[in-house]
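Hi,

Here is the structure I promised to hand over. Have a look at it first, and my notes follow below.

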Amino acid sequence: MRTFLLCLMLLTGFSAVAETPALRVAFSTQHGVNKSTPGLATFNRELAGELCRRIRVTCTFVDLPFQEILPGLEEKRVEMGFGSYLRTSEREARVAFSDPIWQSSSRLIGAIQTGKRFAGKQGGTVALNKLRDARVVAILGSRQHAYLEAIAAEQHLQLVAANSIGDLFGVLRAGQADFGLVVMLAAYAHLNEQAAEGFEFVGPPMHDRGLGGSVHIALPKDNVHLRLQVNQAIAAMRSDGTYHRIVRHSFPFNLD
């Protein structure tokens, strides 16, 4: 009898392990920066790990180019996507979004000497709405890229596309663009690692015309249960202080 019970317990245990839910979590590719360097990549991974623990699922982390994450959710190749996503009507037709996880803004970035050169042309301040005859790089599929597409012809801008924030910095280092238009937090780790290369933020942060706002985790449109679980976990993490602890591991400032 004892042998039978032991076998039953072992079988039950194996069954529980086999039936543990599993999720594939996608992160926007971060070429050119150490993933352990404090910044958006470390924040996203720690936040995702805590979410998976709280909703009691086993998660596999994968890196994808930014423009492949939403198709990955639509095609059920991944179940959760971290890519600094702002909510737009076009995106909401394709995927669902979690409650907000931080507040975003965009900013130009470039070499110090380039910033000084264009500041001289613009009377001392580089502002995107006044920028003319410049080459600007942005990540393909991002709101920054879409914004530049809308103003490029009128402002005589040459738009350059990059697949990741690391690629964007590579374009700048190679002299193939004068400025990059980036989500500020996405560039934080790169600026810390590559400060000696002389890159800096240029001009003021931008929030309007889709360049800023609340950032969300992208989720499958048809999985309401997962969305509720994720939102409940986010609320609990904010309530018990875990969210702010995770923020402090990667940034010396609040994200709200």
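Which residues does Trp102 touch, not counting residues up to four places away in sequence? With contact meaning heavy atoms within 4.5 Å, Trp102 touches Leu40, Phe43, Ser84, Val183, Leu185, Gly213, Ser214, Val215, Arg238, Tyr243, Leu255 and Asp256.

Two words on what you are looking at. This is a predicted model, where local features need pLDDT of at least 70 and side-chain atom pairs count only at pLDDT 80 or more, while totals for chains, interfaces and linings use all residues. Residues are numbered from 1 along each chain as its sequence is written, and side-chain values use heavy atoms, with hydrogens and water left out.

**The overall picture**

The protein has ten helices and eleven strands. Those are DSSP runs numbered from the N terminus (helices: H or I, at least four residues; strands: E, at least two). Of the 256 residues, 48% are buried. Here buried means under 20% relative accessible area, exposed over 50% and partly exposed in between, using a 1.4 Å probe and protein chains only. Among contacts with a separation of 6 or more, 73% are between residues 24 or more positions apart.

**The cores**

Back to Trp102: it is one of the residues with the most contacts inside the largest nonpolar core, along with Phe43, Leu47, Leu51, Phe82 and Ile217. That core has 33 residues. A nonpolar core is a set of buried Ala, Val, Leu, Ile, Met, Phe, Trp, Tyr and Cys residues joined through side-chain atoms within 4.5 Å. The elements giving two or more residues to this core are β1 (22-28), α2 (40-54), β3 (80-86), α8 (184-193), β11 (213-219), α9 (224-240) and α10 (242-250). The most comes from α2, with six residues. Apart from this core lies another, of 26 residues, including Phe66, Ile139, Ile165 and Leu168.

Two of those, Ile165 and Leu168, are in the list of buried residues of α7, together with Gly166, Phe169, Val171 and Leu172. Just after α7, Gly175 has a positive phi of about 75°.

**β9 and what sits against it**

Five of the five residues of β9 are buried, so this strand is largely enclosed by the rest of the structure. On pairing, two strands count as paired if DSSP finds at least two bridges between them. β6 and β9 run antiparallel and are joined by four bridges, with Arg107 partnered by Val182 in β9. Strand β7 (residues 135-139) runs parallel to β9, with two bridges, and here Val137 stands opposite Gly180.

Which strands do the buried residues of α5 pack against? They pack against β6 (106-111) and β9 (179-183). The buried residues of α5 (residues 112-121) are Thr114, Gly115, Phe118 and Ala119. Seen down the helix axis, they fall within an arc of 135° (taken from the directions from the axis to the C-beta atoms), so they line one face of α5. The face turned away from that side carries the exposed residues Gln113, Lys116 and Gly120. After α5 comes Gly123, with a positive phi near 80°.

On a 1 Å grid over the protein atoms alone, a cavity is a set of points where a 1.4 Å probe fits but cannot get out, and a pocket is an open set with protein on both sides within 12 Å along at least five of seven lines; lining residues have an atom within 4 Å of a point. Grid points are joined across faces, edges and corners, and a volume is the space filled by probe spheres set on the points.

The largest pocket holds about 200 Å³. Among its 15 lining residues, Phe66, Glu90, Arg91, Gly141 and Ser142 are the closest to its centre.

His156 and Arg209 each have a positive phi of about 55° without being a glycine. His156 is in the loop between α6 and β8 (158-162) and is exposed, at 51% relative accessible area. Arg209 lies in the loop between β10 (199-206) and β11, and is exposed at 53%.

Cheers
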